[in-house]
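Trainee: I would like to learn how to read a few features of a structure. Can we take them one at a time?

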Amino acid sequence: MKNTEYKDVIDVGDEALSMENKFSYPAFPSFKNAFTIGENIRGMNNVGPLATYKFYNQNSNEIASKYFVDADPPEKGTFTYVSDIRSDLTQYIKDVKDFYYYEKQDVDHFAFKVILFSSTEATKLKECFEVCKPKGREILMFIEDNKGDTSGTYGAIRISEELLQFFTNKDKQYKNYNFLSYDLQDNKNVYDYLRKSVPGITEEQLTSLFHKGYIEDKRIGLVKDFFQLASAFSSGMSFIPGMSWLTNDAARTAMSAILGKAIQLIEKTRLEENRWQPKPPKKENGEQDENYRYEPLISSGKDENGTINITQLAKILKGMLEAQNLVMRNVLLIRKDFNSNTKATGILEFLYAKYLDSYDIALGVINGLEDLSEMEFLKHGAQAYNALLCGVWNGLIDAVSGLFALVKMFYDGITLGKDFVQNIHKYLPTLLEQYDETIEAIKNISFSETAKYIYTKLKEINLTFDPVACAYFTGYVYGFIISLIIEVVLTIILTGGTVTVPLIIEKLEEAIFGIFRLGWGIAKGTARVVRTFAKFVVKSIKDVIKGFQELLKFLKQGWQEIKRIIDDVFEKSSKVIEEQAGIFIKKLPSNIGKFVDLLSKNFPKLQKKIVDGLLIIEFKGNILAKINPKGIITEIKYFRELNSYTYFTELKNIKIELEIIDDLGRKTIKKYEDTVEVMKKGDDVGFRAKFEEGKIRDGEYINYTYGKSGKDPAYATNPLSKSKTVDVTLQEGDIFYIVEYKDRSLQRNVPGGFGSKDKINTIKELREDIAVKKDWKDEARGEIVIRTYTVKAGKEIPSRSGWVGPMLEDTPSSPYFNEVLPGGSHQYEFINAWDSDFVHLIDKIDEKILK
């Protein structure tokens with residue numbers, strides 16, 4: 001029979017089956033020399049008698065006892081060196097940088113056990129390699145000792161079946177889930193790392209090791225190559241389930257890509273500015289970006305002012321968060337039955353459990369949204385709700401990404417070296433404890449308290465001019481502050497130093513200026529810059545621990561410290577805003593600059609700021625005007641019926657360029673020239689178009705300015721014959737008509753602010769011809785009359801004459817509800833609001849009830 005027939009079990013060798021021994025097995029050595037050291041069998045010297053038979057599947061102890069009889073038995077430890085007689089590779093081992101196992105006996109804290117066999121006989125090493133079968137988590141190495149001449153040295157490595165399974169995720173049943181459960185067999189990152197760490201190793205050899213479990217090279221170039229390869233593979237600890245590869249350089253290199261991908265996937269769901277901000281940004285030339293498209297997550301159809309229930313908002317966010325959770329489960333290969341109460345049995349489950357910590361924080365934030373339901377900015381409708389949703393989500397993305405980056409610090413690109421590996425049992429529990437403390441400290445910072453306080457600060461420095469940006473920032477700031485603190489900590493780990501509050505303030509200030517588009521020219525862009533934690537790396541384990549200590553020290557100060565930072569940010573921002581405005585004003589044309597300075601000196605509550613490169617003049621939350629660097633007004637708000645206001649000053653013949661949107665939604669820039677009149681009442685101020693007899697203005701110009709003060713557009717813009725207004729003075733004896741409640745107490749006890757030279761006779765004409773909504777004049781509330789007036793002798797009534805524009809009926813009880821009231825009749829707008837002395841200006845000469 002052939003000697004290979006039962007080779008998997010036993011091989012008695014060619015010499016045992018020679019003709020002279022064909023019918024009898026060779027006798028064991030005599031009892032007298034049965035345990036003599038130094039038998040010579042199959043060309044191998046110094047082997048034990050049990051090596052007579054070539055048994056396969058032998059473990060490391062059997063290899064040592066049969067083939068290395070002169071050596072001490074393998075010790076229980078992370079690294080064991082078994083040397084044959086006249087062989088000593090100790091110096092090579094010591095020369096390998098950070099060879100983690102040398103003289104380290106605490107095997108329970110390490111993932112793999114490395115056993116190195118060396119001999120001057122390649123024949124012996126080759127047979128040992130052929131017959132060995134590593135058990136458990138063993139790595140067996142066989143290296144020929146050529147006494148300094150390594151040019152033709154034999155070397156081989158064989159890893160256990162258990163470790164081979166460790167390197168692949170092809171076990172779909174997760175039978176070995178206490179290992180990595182992620183494919184390393186063909187992982188480019190691992191291959192690149194090992195080739196870089198061990199330049200002498202070939203890709204073919206690595207492929208053989210990962211796929212077959214061994215490397216055999218009869219002509220290896222350097223003994224150190226095999227030591228370096230073992231060192232790169234073999235560190236780790238196992239006293240925490242599934243964490244056995246934490247300090248393993250090769251596995252950590254693979255996890256670098258996995259964790260980076262996880263963070264990038266989290267950050268990929270960050271919402272861009274066009275998902276929450278309806279206003280296009282300015283380009284470098286100051287023009288609006290025509291390619292900008294507002295694409296909100298939620299809306300209430302065409303009604304931008306429609307409301308959305310906060311409960312709906314929370315439901316949407318929870319859905320988005322759960323979608324992110326599913327992505328993370330897929331990326332980290334998490335089994336279906338794993339949840340927050342399940343004990344992690346693998347490194348990926350451990351990572352996912354840490355993600356769930358941040359998931360719980362995010363869920364708490366979403367559940368706290370109900371506390372914001374009464375916030376003033378939400379009164380501005382669907383766009384504000386949408387901005388709040390986007391702000392909360394982006395804040396959560398930043399926070400979750402930052403927290404996951406803390407976990408990533410343990411693994412990604414850390415040059416930890418021997419100190420970490422040999423003291424893993426001391427360092428790792430500290431890190432994990434600090435992470436858990438960080439989570440708890442963050443949970444103690446209230447989202448709703450932070451959001452509400454932020455809003456009060458926004459009001460203090462008058463940043464509520466943009467309710468959409470206000471809503472976004474209020475929702476965003478909680479998560480942003482958390483991520484900002486983490487970002488600063490990660491940065492100082494890279495650069496040294498401690499957490500500095502000024503740096504946090506600076507970053508938060510940049511966010512404010514970016515989101516509200518404050519500053520010169522175009523916005524700084526902070527709101528649109530993609531922040532990422534995926535590329536942070538650290539230098540040493542001590543840096544990581546120090547970073548966590550700094551983070552905890554800061555977070556444990558709690559809300560009061562966060563509040564102090566917010567106060568400092570807004571105080572500094574307010575000063576910067578004032579400084580920017582002052583510089584801007586000095587560069588304006590002199591007449592405009594003097595006008596603004598005059599207003600500032602006489603109205604202390606007047607606010608000035610630069611937004612999108614424009615000077616914003618604001619008073620008590622109302623934007624009075626926007627002025628560009630050339631001194632041209634690009635937006636102005638006119639007020640009607642300035643009761644008891646007196647003339648203060650005026651800005652003559654100012655150029656005005658307004659963006660007008662027609663009925664089809666088309667935008668055009670219309671240029672005008674007008675005199676702006678400033679009216680004063682105590683500390684209050686208001687603008688209006690100065691009355692000038694015979695002055696003709698476009699109806700859409702007046703409509704635009706009224707719209708900015710929250711008034712409905714009063715004037716027709718087409719046909720062309722009815723698209724103009726003209727300032728006229730009603731003289732003595734002129735007759736006009738005003739629709740009123742018969743009981744004047746229902747309307748301030750004075751006549752209405754609009755009249756007409758045309759008389760109407762019915763409620764139908766009231767609705768259709770002069771487009772009066774039912775909410776303004778409701779016959780169910782009181783009798784409606786049309787009164788005829790004439791101007792008294794010696795009196796004048798300054799008026800603006802034009803044509804009634806169409807009006808959408810939005811009174812639910814009206815039979816015209818949701819219909820456009822066409823208008824088209826003539827109308828007068830009385831420039832000076834009626835006061836109680838109106839009886840000295842006009843006489844009533846007739847009255848008729850409308851039906």
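Trainee: In which helix is the place of glutamine 205?

Mentor: This is a predicted model. Glutamine 205 belongs to helix H6, which covers residues 203-212.

Trainee: Does glutamine 205 count as buried or exposed?

Mentor: Buried means under 20% relative accessible area. Glutamine 205 has 12% relative accessibility, so it counts as buried.

Trainee: Which residues does glutamine 205 touch, not counting those up to four places away in sequence?

Mentor: Leaving out residues up to four places away in sequence, glutamine 205 touches Gly200, Ile215 and Asp217. With aspartate 217 there is a polar contact of 2.8 Å between the side chains.

Trainee: Now to another helix. How many residues has H9, and how far does it reach from its first C-alpha to its last?

Mentor: H9 runs over residues 310-331, which is 22 residues. From first C-alpha to last it reaches 32 Å, close to the 32 Å expected at 1.5 Å a residue.

Trainee: Which residues of H9 are buried, and where do they fall when seen down the helix axis?

Mentor: The buried residues of H9 are Ile310, Leu313, Ala314, Leu317, Leu321, Gln324, Asn325, Met328, Arg329 and Val331. Down the axis, the buried residues of H9 fall within an arc of 155 degrees, so they line one face of the helix. On the other side of H9, Lys315 and Asn330 are exposed.

Methods. Residues are numbered from 1 along each chain as its sequence is written. This is a predicted model: local features need pLDDT of at least 70, side-chain atom pairs count only at pLDDT 80 or more; totals for chains, interfaces and linings use all residues. Side-chain values use heavy atoms; hydrogens and water are left out. Helices (H or I, at least four residues) and strands (E, at least two) are DSSP runs, numbered from the N terminus. Buried means under 20% relative accessible area, exposed over 50%, partly exposed in between (1.4 Å probe, protein chains only). Contact means heavy atoms within 4.5 Å. A polar contact is a pair of N or O atoms within 3.5 Å; within protein, one must be able to donate a hydrogen and the other to accept it, and residues adjacent in sequence count only if both atoms are side-chain atoms. The expected span of a helix is 1.5 Å times one less than its number of residues. The arc is that of the directions from the helix axis to the C-beta atoms.
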